[in-house]
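Please open the model in your viewer and keep the sequence panel beside it. The tour below moves from one selection to the next and says what is to be found at each stop.

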Amino acid sequence: MKGLRVKKRDAEKVKKILIKNKILDNKRKVKRDRDYVIFPISCEKCEVLKSLGEIVEEDFEPLERKNLYELVYELTGKKLKFSFDIIGNIAIVEIPEESLDYKHEIAEALLTFHKLKAVYRKASEVYGRTRIRKLEFLFGKNESETIHKEHGILLKLDVKKVYFSPRLSFERKRILDMVKDGELIVDMFSGVGPFSILIAKNRDVKIYAIDINPWAVYYLRQNIELNKVENKVVPILADCSRVNIKGADRVIMNLPKESHLYLEKAIEYINKAGFIHFYTIYENIEDILRKLREKDEIKILNKRKVKEYAPRKYIYVFDLFVEKM
Ligand SMILES: C[S@@+](CC[C@H](N)C(=O)[O-])C[C@H]1O[C@@H](n2cnc3c(N)ncnc32)[C@H](O)[C@@H]1O
């Protein structure tokens, strides 16, 4: 097998060039002796190699990798911290400041390890009304549309244009398990429809799925078709505070930073009595409920920590039961 022999002091620099040019054979172990490092290479005639070192014939041991973080270590020589989500065949990686110099190596490792189409980096927090974030393309093919599979449903979406988090998968199944056939449901901040489609696919229900982001509703419509729930889910492109629906048995409110501003509206949707799944960043909602309780009876049935949205800051869900007086 072919290898590239370079002086030890040049090894780090050369490794970066090999990785960047996709010439390093990362299925084989790098060899080292006192003065030299020999890299396994996948292309012996590449122009870029000429100035880097000597091409040699070598036997390289295959690399036995146990996990992704070991692959990153093999590519960078560093124990780096990062976290990621996989949405369809795209990875969205979060890299702390101190590991940013190695973002391309982390992305390459992710793409190789999980056989993905593309890797993007979170380049901002989620912002604005549509709750999307800036993404930096790192590796693979710069195509941000994908199809994600979750609990047997298909969700088509563009990671750059809509909000979607696979970390809510457990939560969606938890809500589904509470829904009964015959319910009328309002999904006030539906996005591309992960709650609505999952429920519609598994229950005999009617769901109004509302979102203000035209791209979210564009994909929601496609997801309704993809999952064949046309007769159960009604997509609505609008600000939910302007949508009038009466008689709901259940309302889903997944807009954690602002959902408290829409609670009165959610109660308006509810029939004489019904459930509200209230996602919020507030751990204690008694103050929020105090004013509403002047008009209606509201019981907190259950509270759950859903996920961390910033270091040691959490999103909670409160399952509420509302009885109108
Ligand atoms: C946190 S995302 C949740 C999306 C979806 N429920 C999910 O789990 O993927 C919140 C969504 O609410 C939408 N949104 C924000 N304000 C809205 C409003 N006033 N009326 C309707 N949709 C709104 C955003 O466009 C975004 O898609």
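Helices (H or I, at least four residues) and strands (E, at least two) are DSSP runs, numbered from the N terminus. With that numbering in hand, please bear in mind throughout that this is a predicted model.

Begin with Lys228, which is found in the loop between α6 (214-226) and β13 (233-237). Lys228 has a positive phi of about 55° although it is not a glycine. Most residues other than glycine have a negative phi. Is Lys228 buried or exposed? With 10 other C-beta atoms within 10 Å, Lys228 is exposed, the cut-off for that class being 12 or fewer.

Select Arg131 next, in the loop that runs between β7 (118-122) and β8 (135-140). Arg131 also has a positive phi, in this case near 60°, and is likewise a residue other than glycine.

Now colour the chain by domain, using domain 1 (2-57), domain 2 (68-143) and domain 3 (163-324). The centres of domain 2 and domain 3, taken over C-alpha atoms, are separated by 30 Å. In the contact between these two, 8 residues come from domain 2 and 7 residues from domain 3. On the side of domain 2 that touches domain 3, 4 residues are nonpolar, 1 is polar and 3 are charged.

For the next stop, show the side chains of Val93, Ile106, Leu110, Val119, Met188, Val251 and Met253, which touch the most other members of the largest nonpolar core, a set of 75 residues. Both domain 2 (68-143) and domain 3 (163-324) give residues to this core, and it therefore lies between them. If you centre the view on Ile106 and leave aside residues up to four places away in sequence, the residues that Ile106 touches are Val72, Leu80, Phe82, Val93, Ile95 and Ser99. There is also a second, separate core of 10 residues, with Leu18, Ile38, Phe39 and Leu52 among them.

Move on to the strands, and select β1 (residues 2-7) together with β3 (residues 36-40), which run antiparallel and are joined by 5 bridges. Within this pair, Val6 has Val37 of β3 as its bridge partner. Widening the selection brings in an open sheet of 4 strands, ordered β2-β3-β1-β4, with antiparallel pairing. Its edge strands, each of which pairs on one side only, are β2 (31-32) and β4 (54-57). Strands of a sheet pair through backbone hydrogen bonds.

Which residues are closest to the ligand? Of the 21 residues that surround the ligand, the closest are Phe189, Gly191, Ile212, Asn213 and Cys240. By class, this shell holds 11 nonpolar, 6 polar and 4 charged residues. At least two residues of the shell are supplied by α5, and at least two by β12 (206-211). The shell lies between domain 2 (68-143) and domain 3 (163-324), because both of them give residues to it.

Finish at Asn202, a residue of helix α5 (residues 194-202). With 17 other C-beta atoms within 10 Å, Asn202 is partly exposed. A distance drawn from the C-alpha atom of Asn202 to that of Asp177 comes to 9.6 Å, although the two residues are 25 residues apart along the chain.

Terms used. Residues numbered from 1 in each chain as written. Predicted model: local features only at pLDDT ≥ 70, side-chain atom pairs only at ≥ 80, totals over all residues. Core = buried A, V, L, I, M, F, W, Y, C linked by C-beta atoms within 7 Å. Buried ≥ 20, exposed ≤ 12 C-beta atoms within 10 Å, placed from the backbone. Domains from an automatic or database assignment. Nonpolar A, V, L, I, M, F, W, Y, C, P; charged D, E, K, R; others polar. Near = placed C-beta within 6 Å. Pairing = 2+ DSSP bridges.
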